[in-house]
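Welcome! Take a moment to look over the sequence and turn the model around, and then let us walk through it together.

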Amino acid sequence: MTIKEALEQRHSVRQFEEKSIDEELVVKLKAGIETVNKESGLHVQMFNDEPEAFQANKPSYGQFSGCRNYFAMVGGKGMDEKIGYYGQQLVLFSQQLGLNTCWVALTYKKGGVNPKISSGEKLYIIIALGYGKTQGASHKLKEMSAVSDLSSDSPDWYRNGMEAALLAPTAMNQQKFRFSRSGNKVSAKAGMGFYTKIDLGIVKYNFEIGAGKENFIWV
Ligand SMILES: Cc1cc2nc3c(=O)[nH]c(=O)nc-3n(C[C@H](O)[C@H](O)[C@H](O)COP(=O)(O)O)c2cc1C
């Protein structure tokens, strides 16, 4: 599966098969985490066969079943955008490996998650991981005009990037971001609200895949 296919096929999955992730995939995921941590300075950790985080959680939204694995997204203060950007990298990598994911800021059991947190760091969010019972479903997309300055004479790479950005997961599917372009310079800003800076990093990662990094620069 290409990364573009992974981006298109990814949906949040909250119902998982109660089985361990194949050892071969665990090895690949660990290598992926090591690369991410080296590049970003984050302290992402993976937990396997630990169902505690998803127990005793019975809200109407965000209820999980069968989930035994997750990424703990740990990093220094003020790294929200990086958490989103590199977390989405791991989400799409997991999708490519045939796994399913869901970003989880709120609907998990806080006491059931105990990552290593060094001085100056915090746990931002976790990402549920495993073999989904289903592949999930598409979320409602905002209009391009509500999130960007895309017009009929925008270059194809900008349209492709925006299409990928709109497929990104955001907290409560709020899609509170705004893109604008001048020539090959692209700016993306977070709106007001909960977790919008993490959302921004996620959306920027998706945009880069859709647009092609060689076609533009961030400003
Ligand atoms: C920063 C962030 C926080 C989220 N927190 C939760 C959560 O606490 N519980 C939950 O069930 N889903 C959570 N989600 C998943 C979103 O609800 C989901 O991504 C969104 O509705 C879009 O659906 P999709 O991921 O299937 O495209 C979160 C997503 C993001 C990006």
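## Two domains

Let us begin with the overall layout. Domain 1 and domain 2 have C-alpha centres that lie 23 Å apart. Domain 1 covers 3-130 and domain 2 covers 144-212, with bounds that come from an automatic or database domain assignment. This is a predicted model, in which local features need pLDDT of at least 70 and side-chain atom pairs count only at pLDDT 80 or more, while totals for chains, interfaces and linings use all residues. Residues are numbered from 1 along each chain as its sequence is written.

## Where the domains touch

The contact takes 18 residues from domain 1 and 16 residues from domain 2; two residues are in contact if their C-beta atoms, placed from the backbone, lie within 7 Å. On the side of domain 1 that touches domain 2, the elements giving two or more residues are α1 (3-9), α3 (80-96) and β4 (121-130). Here helices (H or I, at least four residues) and strands (E, at least two) are DSSP runs, numbered from the N terminus. With 9 residues, α3 gives the most to this side of domain 1.

## The nonpolar core

Which residues touch the most other members of the largest nonpolar core? They are F71, M73, I126, I127 and A128, out of 56 residues in that core. A nonpolar core is a set of buried Ala, Val, Leu, Ile, Met, Phe, Trp, Tyr and Cys residues joined through C-beta atoms within 7 Å, and a residue is buried if 20 or more other C-beta atoms lie within 10 Å of its own, with C-beta atoms placed from the backbone. The element that gives the most to this core is α6, with 8 residues. Because domain 1 and domain 2 both give residues to the core, it lies between them.

Leaving aside its neighbours within four places in sequence, F71 is in contact with V44, M46, G87, L90, I126, I127 and L129.

## Around the ligand

The ligand is surrounded by 22 residues, and the closest are S12, G62, W103, P169 and N173.

Key
A residue is buried if 20 or more other C-beta atoms lie within 10 Å of its own, exposed if 12 or fewer, and partly exposed in between; C-beta atoms are placed from the backbone. A residue is near a molecule or strand if its C-beta atom, placed from the backbone, lies within 6 Å of it.
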